[in-house]
Amino acid sequence: MSSKVVLKSKGKSSRGSKPSDDNSASKLLKEWSTWTMKKAKVITHYGFIPLIIIIGMNSEPKPSISQLLSPV
């Protein structure tokens, strides 16, 4: 008794059609730019205030951290 396994694919069938390089390149560029912008947003969100504090600490007349953070 022989059984045959049939695999069904979901979505469109791609018989004989090859994805174009332009389409895959533009998709890759879109994914890369989206990934880059997400990372840049996180870095900016968590890095802006510490950057300002570091710049303030390295300026002349060298304020203490309490002077730098107080609103007065």
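How many helices and strands does the chain have? The chain has two helices and zero strands, where helices (H or I, at least four residues) and strands (E, at least two) are DSSP runs numbered from the N terminus. This is a predicted model, in which local features need pLDDT of at least 70, side-chain atom pairs count only at pLDDT 80 or more, and totals for chains, interfaces and linings use all residues. Residues are numbered from 1 along each chain as its sequence is written, and side-chain values use heavy atoms, with hydrogens and water left out.

**Surface**

- The chain exposes about 7600 Å², of which carbon and sulfur atoms supply 64%; accessible areas come from the Shrake-Rupley method with a 1.4 Å probe, and for residues only the protein chains shown count as cover.
- Of the 72 residues of the chain, 1% count as buried (buried means under 20% relative accessible area, exposed over 50%, partly exposed in between; 1.4 Å probe, protein chains only).

**Helix H1**

- Phe48 lies in helix H1.
- Phe48 has a relative accessible area of 48% and is therefore partly exposed.
- Phe48, Ile49, Leu51, Ile52 and Ile55 make a nonpolar surface patch of about 500 Å².

**Loop between H1 and H2**

- Pro61 is placed in the loop between helix H1 (21–57) and helix H2 (65–69).
- The peptide bond from Glu60 to Pro61 is cis, and its omega is near -5°.
- Ser59 also lies in the loop between H1 and H2.
- With a relative accessible area of 30%, Ser59 is partly exposed.
- The side chain of Ser59 reaches the backbone oxygen of Gly56 at 2.9 Å.

Key
Patch = residues over 30% accessible without salt bridge, like charges linked within 9 Å, V, L, I, M, F, W, Y side chains within 5 Å. Salt bridge = Lys/Arg side-chain N within 4 Å of Asp/Glu carboxyl O. Polar contact = N/O pair within 3.5 Å; in protein donor to acceptor, adjacent residues only side chain to side chain.
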